[in-house]
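We will walk through it together, one stop at a time.

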Amino acid sequence: MRITHALALSTLMTLAGFTHATAQQTPTQTAPKVSVFKELRVISGVTVSAGGDLTFVGSDARVHRTDASGSEKWSYLTGDIGRAYPVVTPQGVTLAASYDDHLYALDPNGKLLWKVKFDGDIFATPALRADGSVIVATAGGTVHALDAQGKTLWTFKVGAPVFSSPAVAADGTIYFGAQNNRMHALTPDGRLKWTYAAGSLVFSSPAIGADGSVYFGSSDRRLHALSPDGQPRWTHLTNLFVNASPIVTSGGLVVVGSYDGNVYAVNVTGELEWTYKAGAGIAGTAAELSDGTVIVPDLSGTVHAIGKAGQGLWQIRTGKKIDLGVSVSDQGSVYFVTDGGGLNILQKQRPLAVAPWPTFHASPAAWGRVPSEAELQVQAQARRAAATAVLSAPKPVASVPAPQPVTPRPTPAPTTPRPTPTPSTPAPVTPAPSTPAPVTPAPVTPPPAPVVRTPAQLAQDAADRARSADGQVFLPLTEAAAALGLNVQNVTARTATLAVADRRLPVTVRLFGREAFVPLAALSDLPGTRARLNAGAVVLTRGDQDVRFPLSVAKLVPLQGKPEFLGPLQKS
C-alpha cells in the first residue's frame, strides 16, 4: 500500500524561509577514524542488541542480523523494504516492520514466529511495552496493540496517517503524532486521553522526560513541550521545520536538530541553553554518549560531535546524505548509515549515556518506552566498562593559515544516480614485446564541446518522461528544474531543495526507480511562478520567461494545487 500526504507549498511560505545554510562551527579536536565501512545496503535504522549484534532492514527487503562489526549471522526475506528500526526484545525476538503492511516476529535465529497484516504501511518504529506487548502505528491511520504472540489486544482509529513512532510512558500512556497536526495520548487499553494541536504536521517521534513531560517537533518550526496531561509547557521556535525526533540528555536538556541547519538544546523550563550550527538540514535523531558528548548527523553527510556547552568537538565529513540518527552500543561503538546503505562504525568510543531518553526510541534496542529503575541499573552496569575505559586523548585540531578568498564556482546540476556496476574479472594482459614496433601517432581529435540544452529542450525532455500517480503529474527533477533555471540541492528520498532567488525552498520528490521526480503542482507553487494551460501544454512563467512543458494534463490527471510535502519514502 502506498500512502501520500499533501500540504500546500504556499503554507510553507509563511515560515521564516529556507535561508542559506549557516557556516559550520569550527571543531576543536581531531575526528576519530571510521574503523569499519561495509556496503551492506542498509535502508532502515540500525538497532543494537545488548550483546552488540546489529539488526536492520536492507534494500533487498531482508531483515539482517550481523555481529558488532557487520558480519552477517542471518537474514530473513520480507515482502518489501522498510525504514523503521527493528525492535529487539530482551528475549532476542526481532520485531520488523515492512512496507508490505506486515509486522514480522523472528526468533533469535531468524526463523519466523508470526506475522500480522495491518491496514497500511508501517513507517513508524513499533514500541515494546514492559509486558512484551507491542504498539504498532500505520500509515492507514490506526494504532494497534498486539500481545507477545501477535494477537490483537485493541485498535484505535486515528483518522490520519501516523509516521511518528509511538512512545510509552512509565504509567503506560502511549504518545504519538499524526498527520492531523496533533499529538495524541492513549491509555494503556487504547482509549483516547487527550490530543494537542500543533501548528502543522507531526513527523517527529516524541521523547519522554524524567518528570513525564512529552517533547516533539513539528513542521510548524517549533519544539513543543507538554505536561503528561496534555497541557502546553513551552514551545521553542526554530527557523524551519523540526521533523527530527528529540532526545532528553542526562543533564536534563532537550536536544533536537532542525532543517534550518542548527541543533538546539533547551532546558526543561524552555530556556535555550545553546545552539550549534551544523550548516545543513538535520533529519536524524541525536544521541548522547556517557561523557555528555552529543552526536548528530546532517543531510550533507557530516557527523558532528558537540560538547556539553554546545561547542564543536569534531566532524566526520562523508559527502553522502545521512537522514537517520546514529546508534550507539553498550560496548562503545557508534554506527551511522550513509546514502546508498553503507554501514560506518566508530569503535572504541564512549557508550550511550544513561539518561531519560538519550537516543531515538530511548534505547539501542529501540524499545520506545521509559525504562524502569531496574532497567536503568542494568544499563549503567552494562555500559560501565566502556564508560570508564582509558581512551586515547583527543588531539586538538592543528591551526592552519586562514584560507585565501576564492571565486565560488557554480553548483553543477545533479545527475540521475546510476546503479553501481558489478565488478568484473579483468581480462589477462599479454606482455608487450621488449622492442616496441614504431607507431605512427594518430591525429588528436579534440573532445566534442558539451551539449547545452535550451530551456525549451529541457522542458520537452521533462514532458516526454512525465509520470502520473496518486492524482498528480510528476516530472523528472533534474530536467524540470533546469528548464526553469533553478539549481537543485540536497536531494533526499523524500525532498529536494531548490535555490530560488536568494532562498532555498523545499519541494517533495518521489522516486520512480532510483530517479527523483517532482510534482508539477509543487513547481507551479514556487514563489514568483505562475502556471496556465495553453494548447496542449502547461506553461510555467517565472519573471519574464515562459517555459512550455508540452504534455496533456487531461490525459494524465487534473492539475492539483496541493503538492506532496515531506511524505514518507515512496515505492515505485
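Is Lys348 buried or exposed? Before answering, keep in mind that what you see is a predicted model. Lys348 has a relative accessible area of 71%, and the cut-off for calling a residue exposed is over 50%, so Lys348 is exposed. To find Lys348 in the view, go to the loop between β32 (342-346) and α2 (373-388). Its backbone deserves a glance too: the phi of Lys348 is near 60 degrees, a positive value in a residue that is not glycine.

Now stay in the loop between β32 and α2, where you will also find His361. His361 is not a glycine either, yet its phi is positive, at about 60 degrees. What about its surroundings? The relative accessibility of His361 is 2%, and buried means under 20%, so His361 counts as buried.

Next, let us turn to the sheets. As a reminder, the strands of a sheet pair through backbone hydrogen bonds, and they can do this in a parallel or an antiparallel way.

Start with the open sheet of 4 strands whose order is β1-β32-β31-β30 and whose pairing is antiparallel. At its edges stand β1 (36-39) and β30 (327-328), each of which pairs on one side only. Follow β30 to its partner: 2 bridges join it to β31 (residues 334-338), and these strands run antiparallel. You can pick out a bridge by finding Ser327, whose bridge partner in β31 is Tyr335.

Another open sheet has 4 strands in the order β33-β34-β39-β38, again with antiparallel pairing. Pro476 has Phe517 in β39 as its bridge partner.

Our last stop is Asp525, in the loop between α5 (520-524) and β40 (529-533). Asp525 has a relative accessibility of 24%. Buried needs a value under 20% and exposed one over 50%, so Asp525 counts as partly exposed. Finally, look from Asp525 across to Val507: they are 18 residues apart in sequence, and their C-alpha atoms are 9.7 Å apart in space.

Key. Residues are numbered from 1 along each chain as its sequence is written. This is a predicted model: local features need pLDDT of at least 70, side-chain atom pairs count only at pLDDT 80 or more; totals for chains, interfaces and linings use all residues. Side-chain values use heavy atoms; hydrogens and water are left out. Buried means under 20% relative accessible area, exposed over 50%, partly exposed in between (1.4 Å probe, protein chains only). Two strands pair if DSSP finds at least two bridges between them.
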